[in-house]
Amino acid sequence: MKTRLLLFIPALTLGMFLNGCNAHSQNLPDKQIATAFKAKYPNAKKTEWESKQGFYVAEFHNDNIESEAWFDNKGKWTLTKNELRYNMLPAEIRNNLEKTDYNNWKKDDITKIERPNVLPIYIIEVEKAGQETNLYYTENGQLVKTMNDLKPNSPVDYSPLPAEIQNQIKQKYPQAILLDTDREKGKYEVDILDQGKNKEVIFNGTTWQTTFWEVNKTDVPTTVMDAFRNSTYGKYRIDEIHFFETPANTYYHFELEKDGQEVYLSVDTHGNILK
């Protein structure tokens, strides 16, 4: 019995080792993807591969930075997420952050997101008294977005956009910086910074539906404001105004309030009220 047990232990150990190798090999990319990764990150160390959402994802260390690079099944690089320390941020970002009220907040996760053909974006998670906020900075230190009221430990989706969506955004908004993405029930919501404006671009699948952004009342054309004032809701208080672009039309969307009642009014650029 003892002899059988001694023989069984090495066999079990060898089986576990082989199973582990097989499981690891299932995540290894083909030669084309591995070559593309090696070309982009020749000094990468401790590389581990996994598949996510149809992409091959390499988790690795590069210059003491933990990173995650995404490649499609043809070896095209689509996104890299880098986990930084505070002192690794560009000086412009640190200098500007330290002039804000968030300087006294605890700095938690700091992430640099790189994508093809767009400027990188830096996301700094800060926390104070149980409240978490994400601050989005460009490399030159410009704060371009603040995401407040985050739930504790709430994840941010950094996964790549389909190439077709990226191409459409590049064509429609060639100077845009991609800030954030959200995917829900087949729809993509993409936050971009375009010509100094934060815009939300909505896709149904890969079909563009609409783009909208907030505008100041002083920037609304006189024709549109006159249509609002002459409407049934002309005496209502304006809470917000957004400008919408769609394949069929462009219009201003008013969020109005009076005596606790909230209503909405849409007026196209010619001053016609839309139903």
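The largest nonpolar core has 16 residues, of which Val 215, Val 220, Tyr 252, Phe 254 and Leu 256 touch the most other members. A nonpolar core here is a set of buried Ala, Val, Leu, Ile, Met, Phe, Trp, Tyr and Cys residues joined through side-chain atoms within 4.5 Å, where buried means under 20% relative accessible area with a 1.4 Å probe and protein chains only. The model is predicted: local features need pLDDT of at least 70 and side-chain atom pairs count only at pLDDT 80 or more, while totals for chains, interfaces and linings use all residues. Residues are numbered from 1 along each chain as its sequence is written, and side-chain values use heavy atoms, without hydrogens and water.

At least two core residues come from each of helix H5 (222–229) and strands E13 (237–245), E14 (250–258) and E15 (261–268); these elements are DSSP runs numbered from the N terminus, helices (H or I) having at least four residues and strands (E) at least two. H5 supplies the largest share, 4 residues. Apart from this core lies another, of 13 residues, including Ile 65 and Trp 105.

The structure also holds 14 aromatic pairs, meaning rings of Phe, Tyr and Trp (its six-membered ring) with centres within 6.5 Å; planes under 30 degrees apart count as stacked, over 60 as edge-to-face and the rest as tilted. Phe 37 and Phe 71 are edge-to-face, because their ring centres lie 6.1 Å apart and their planes meet at 85°. Since Phe 37 belongs to helix H2 (residues 31–40) and Phe 71 to strand E3 (residues 65–71), the pair ties together parts 34 residues apart in sequence. Phe 37 counts as buried, at 6% relative accessibility, as does Phe 71, at 1%.

Methods
Buried means under 20% relative accessible area, exposed over 50%, partly exposed in between (1.4 Å probe, protein chains only).
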